[in-house]
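Hi there,

Here is the structure I promised to pass along. Have a look at it first, and then read on for my notes on what turned up.

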Amino acid sequence: MNYKNYLRWNKLPHIWCPGCGHGIVLGAFLRAVAQRELNKDDVAVVSGIGCSSRAAGYVDFNTLHTAHGRAIPFATGIKLSRPDMKVIVLTGDGDATAIGGNHFIHAARRNLDLTVIVFNNNIYGMTSGQFSPMTPHINFATTAPHGNFDYPFDLVELAKGAGATYVARGAAAYPRQLEKAIGQGLDHEGFSVIEAMSQCPTYYGRKNKMGTAEQMLKWQKENATVSSNPGEKIPLGVFVQVERPEYTKLTGQFIDSVSGGK
Amino acid sequence: MAKQLVQGNEACVEAAIAAGVSFFAGYPITPSTEIAEKMAEKLPAKGKVFIQMEDEIASMAAIIGASLTGAKSMTATSGPGFSLMQENIGYAAMTEVPVVVVNVQRGGPSTGTPTLPSQGDMMQARWGTHGDHPVIALAPSSVQETYDLTFEAFNLSEKYMVPVVLLMDEIVGHMREGIELYKPEKIIDRRKPVQSPEEYLPYQTDDSLIPALAPFGQGYRYHVTGLIHDETGFPSNSPKVIEGLVERINKKIDKHADEIITYNSFDVDDADVVLLAYGSPVRSARQVQQAARQEGLKVGLVQMITVWPFPHKVLSQLYRQTEATFIVPELSLGQLADELSKSVPREKILRVNRNDGSLITPAQLDAVVREAVR
Amino acid sequence: MSGRFQVEIDPAYCKACRLCIQVCPKKVLAQRADGKAIVENPDDCIGCQLCEWHCPDFAITIKGEKKNG
């Protein structure tokens, strides 16, 4: 199926600003879904709150736009009740790592089969530009007018440390690589995290004098790399891909052993 | 049927299982922990899911997610956890996803008195989450009632597509009594959509004002959001839609209040004094009321089973009929008495409050009753 | 003569961000007066789809024989 058939066209154009990377990430996600010919009825897309989380409304699946930071526990309930469904979480850097940080690490620890795509624009866009746990040190935001002295999370390291069994990073500037990273995440059985670098020209870009969307994309292209020798650049690629018993499988086996397969 | 000696929290679990609960998510907290423990023991053996989440926020989120797939879902907690659940109780009320939330009340505020009873969460059960929202809350005063009302909580949540709070307290939760673990006569399951997936509008309702939400993954693809939404489920900022939705989700309960509200009344018709109570204080109240009647004192008792929606109609009618003095024993500084004052004049309400972690004793209540009938 | 690939841009969805213009290696695209993208040199399109993949608004479709899926 053409990936564009997974969109709810009557809900477009979307709310994202001109040049926002979120649409690029969403497109990469839908192409990965299309390649796997996932049946719309068998997919649940769960999101939290923020710019990225509006994505759930634009895709033609069973969609759940939840509370800030809570997409993963909502998705946990769906997945455990319907292990046969593909459950995908679309979230942002603030949603997933600040208010939802606790849920994120625990779902990773359980190795629950969710595909979590973190749209990382390094800022809270929906509330107009406050710093997030993934805003780089000494970058600017409306709540960091003198520079952000917090140090950010490295999402890849965070996911890895918490026990995620598939961890990748992609970028809007490398849509083909991003699509592949998401696709492998969809194929992986277990907790899969894909950080998707996304540009926010309206807030993050403006606050940090990064120029237009075009310039931000160019910055991404130049400062992130798919090379295995990234040097000082932000590495893109798959960083973790390991097998560990998946949570719904474990739950199922446990239920069978306790109930005698009743 | 032979009676069995069962703890209140265990009775809740037994009833939930008999009602068909298939998903429980929770987090340990005194004095509700036995519910999670028993669920962990019993659900897997029935082929059902128990999960211990990372906190109460996640527990509440998980049961809503599970319920959206059609699973009867439940969590259990106490005051501090109930505070954390408020966010997603609001979400369930807004998105009309049925769930049962058990709150075995302990003393507050904050961590308060974990092992002692309280009724300090009555208002939180009604207004704990922000915005005008519907909720149903039921309160047992015994282990048998805990068993009965746990069924009722599931039935009401499935029927009205609303979160239902089972407002227990530490006494009821930890007490052991002989009860009948009967099979429920009537199990209500949420309505299924009558339209085809193509014609389906998740939040379109008939005169009942209750939507028929299709379980996720059964061919009805739709959108669920905590934002104000129209019949399609998608967000809207239209003043008409905002007003329409907020009114409907509240009217959905108000309109059916007479069917929802249950209470027991004892000797109230000619009463000079009416005791009004719910939960564990009912036990002392009933004893005092019966003793007073034996002495010929015109004392009655109304035991509220449904705490929310509040039985204002019943109580204001009773007041008009009897002009009785209302005595309100409660384990809080007056949450019940204050609510009652909307339907009974303040000067006709005598408050018997206790917030030291002890029960209201029959002797304490008896003294107030005698003063009132004098 | 038309090329092997057709670039279709739906102006109803284009938000004039210029990303497609920037990423096109063959300068197929340009900006019209209102800022939205137009196809200026259709015959030069090599079907790489970079514009489509970089369009945040699902406004571009490349038709014709495709190199990639």
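Between chain A and chain B, about 3,000 Å² is buried, and carbon and sulfur atoms account for 61% of that. Please keep in mind as you read that this is a predicted model. Each partner brings 37 residues to the contact: 37 from chain A and 37 from chain B. There are 2 pairs of chains in contact, and chains A and B are the pair that shares the most contacts.

**Chains A and B**

The polar side of this interface comes to 4 salt bridges and 16 residue pairs in polar contact, both residues at pLDDT 80 or more. On the chain A side, the elements that give two or more residues are strand 2 (62-65), helix 2 (71-81), helix 4 (101-110) and helix 9 (247-259). Helix 2 of chain A gives the most, with 7 residues. Sorted by class, this side of chain A has 14 nonpolar, 13 polar and 10 charged residues.

One salt bridge to look up is the one where the side chains of A:Arg110 and B:Glu54 meet, at 2.7 Å from N to O.

Strand 2 of chain A and strand 10 (residues 223-225) of chain B run parallel and are joined by 3 bridges. Within that pairing, A:Leu64 stands opposite B:Val224.

**Chains A and C**

Here the contact takes 28 residues from chain A and 19 residues from chain C. The two chains bury about 2,000 Å² between them, with 61% of it on carbon and sulfur atoms. Which residues of chain A lose the most area to chain C? They are A:Lys4, A:Arg176 and A:Glu214, which together make up 28% of what that side buries.

A:Glu214 turns up again in a salt bridge with C:Arg18, where the closest N and O atoms are 2.9 Å apart. The count of salt bridges between chain A and chain C is 1, alongside 10 residue pairs in polar contact, both at pLDDT 80 or more. Helix 1 (22-35), helix 6 (175-187) and helix 8 (213-223) of chain A each supply at least two residues to the side that touches chain C. By class, that side of chain A has 17 nonpolar, 6 polar and 5 charged residues.

As for chain B and chain C, no contact joins them, and their closest C-alpha atoms lie 20 Å apart.

**Salt bridges within the chains**

Over all chains, the structure holds 37 salt bridges.

- A:Arg169 bridges to A:Glu195, with the closest N and O atoms 3.0 Å apart. This pair links distant parts of the chain, since A:Arg169 sits in strand 5 (residues 166-171) and A:Glu195 in strand 6 (residues 192-197) of chain A, 26 residues apart. Both A:Arg169 and A:Glu195 are buried.
- B:Lys313 bridges to B:Asp258 at 2.8 Å between the closest N and O atoms. Distant parts of the chain are linked here too, with B:Lys313 in helix 11 (residues 312-322) and B:Asp258 in helix 9 (residues 257-260) of chain B, 55 residues apart. B:Lys313 and B:Asp258 are both exposed.
- B:Glu339 bridges to B:Lys342, the closest N and O atoms being 3.2 Å apart. Are these two buried or exposed? B:Glu339 has a relative accessible area of 6%, so it counts as buried, because the cut-off for buried is under 20%. B:Lys342 reaches 61% relative accessibility and therefore counts as exposed, the cut-off for that being over 50%.

**A buried alanine in chain B**

Lastly, B:Ala285 lies in helix 10 (residues 281-294) of chain B. Its relative accessibility is 0%, so B:Ala285 counts as buried. Which residues is B:Ala285 in contact with, leaving aside its neighbours within four places in sequence? They are B:Leu275, B:Ala277, B:Leu301 and B:Leu365. B:Leu301 is 16 residues away from B:Ala285 along the chain, and the C-alpha atoms of the two are separated by 7.3 Å.

How values were computed
Residues are numbered from 1 along each chain as its sequence is written. Chains are lettered from A and ligands numbered from 1 in the order in which they are written. This is a predicted model: local features need pLDDT of at least 70, side-chain atom pairs count only at pLDDT 80 or more; totals for chains, interfaces and linings use all residues. Side-chain values use heavy atoms; hydrogens and water are left out. Contact means heavy atoms within 4.5 Å. Buried area is the accessible area (1.4 Å probe) that two parts lose on being put together, summed over both. A polar contact is a pair of N or O atoms within 3.5 Å; within protein, one must be able to donate a hydrogen and the other to accept it, and residues adjacent in sequence count only if both atoms are side-chain atoms. Helices (H or I, at least four residues) and strands (E, at least two) are DSSP runs, numbered from the N terminus. Ala, Val, Leu, Ile, Met, Phe, Trp, Tyr, Cys and Pro count as nonpolar, Asp, Glu, Lys and Arg as charged, and the others, Gly among them, as polar. Two strands pair if DSSP finds at least two bridges between them. Buried means under 20% relative accessible area, exposed over 50%, partly exposed in between (1.4 Å probe, protein chains only).
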